[in-house]
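Hi,

Here is the structure I promised to pass on. My notes follow below it; have a look whenever you have a moment.

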Amino acid sequence: MFEKLVNIIVNYVEVNKEDIKPESRFMEDLGFTSYDFMSMLGEIEDELDVEIEEEEAANIRTVQEAVDYLKKLSE
């Protein structure tokens, strides 16, 4: 799941795959804007066939939090 997410992240921000760590924060470390983040969530929903709740998404700060949430949705 982490690798899949990293492959999606690099479509939205100018960052090298090897620089994306589980503890990387979307806004502060990876340079996401709110618009980038919401656009990425839309792509994740399509790719993984899941539905991300906006309220839950607002609490996601790091790549690992996103991975954990997506794993929970995929169960």
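Helices here are DSSP runs of H or I with at least four residues, numbered from the N terminus. Before you read on, please note that this is a predicted model, so local features need pLDDT of at least 70 and side-chain atom pairs count only at pLDDT 80 or more, while totals for chains, interfaces and linings use all residues. Residues are numbered from 1 along each chain as its sequence is written, and side-chain values use heavy atoms, with hydrogens and water left out.

Back to H4: Val63, Ala66, Val67, Tyr69 and Leu70 are its buried residues. Buried means under 20% relative accessible area, exposed means over 50%, and partly exposed is in between, using a 1.4 Å probe and protein chains only. Looking down the axis of H4, these buried residues fall within an arc of 165°, so they line one face of the helix (the arc is that of the directions from the helix axis to the C-beta atoms). They pack against H1, H2 and H3, where contact means heavy atoms within 4.5 Å.

Thr62 is buried, at a relative accessible area of 15%. Setting aside residues up to four places away in sequence, Thr62 touches Pro22, Glu23, Ser24, Arg25 and Phe26.

H2 (34-48) reaches 21 Å from first to last C-alpha over its 15 residues, close to the 21 Å expected. Its buried residues are Asp36, Phe37, Met40, Leu41, Ile44 and Leu48. Seen down the axis of H2, they stay within an arc of 135°, so they too line one face of the helix. Tyr35 and Asp46 are exposed, on the face of H2 turned away from the buried side. The partners of the buried residues of H2 are helix H1 (2-9), helix H3 (54-57) and H4.

What follows H2? The next residue is Asp49, in the loop between H2 and H3. Phi of Asp49 is near 55°, a positive value in a residue other than glycine. Asp49 is exposed, with a relative accessible area of 71%.

Tyr12, in the loop between H1 and H2, is partly exposed at 23% relative accessible area. Leaving out neighbours within four places in sequence, Tyr12 is in contact with Phe32, Asp36, Ser39, Met40 and Glu43.

Finally, the cavity search. Over the whole structure, one cavity of 30 Å³ or more turns up. On a 1 Å grid over the protein atoms alone, a cavity is a set of points where a 1.4 Å probe fits but cannot get out, and lining residues have an atom within 4 Å of a point. The largest cavity holds about 50 Å³ of space, a volume being the space filled by probe spheres set on the points. Its lining consists of Leu5, Phe26, Phe37, Met40, Leu41, Ile44, Ile52, Ile60, Ala66, Tyr69 and Leu70. H2 gives the most to this lining, with four residues. By class, the lining has eleven nonpolar, no polar and no charged residues (Ala, Val, Leu, Ile, Met, Phe, Trp, Tyr, Cys and Pro count as nonpolar, Asp, Glu, Lys and Arg as charged, and the others, Gly among them, as polar).

Best wishes

How values were computed
On a 1 Å grid over the protein atoms alone, a cavity is a set of points where a 1.4 Å probe fits but cannot get out, and a pocket is an open set with protein on both sides within 12 Å along at least five of seven lines; lining residues have an atom within 4 Å of a point. Helices (H or I, at least four residues) and strands (E, at least two) are DSSP runs, numbered from the N terminus. The expected span of a helix is 1.5 Å times one less than its number of residues.
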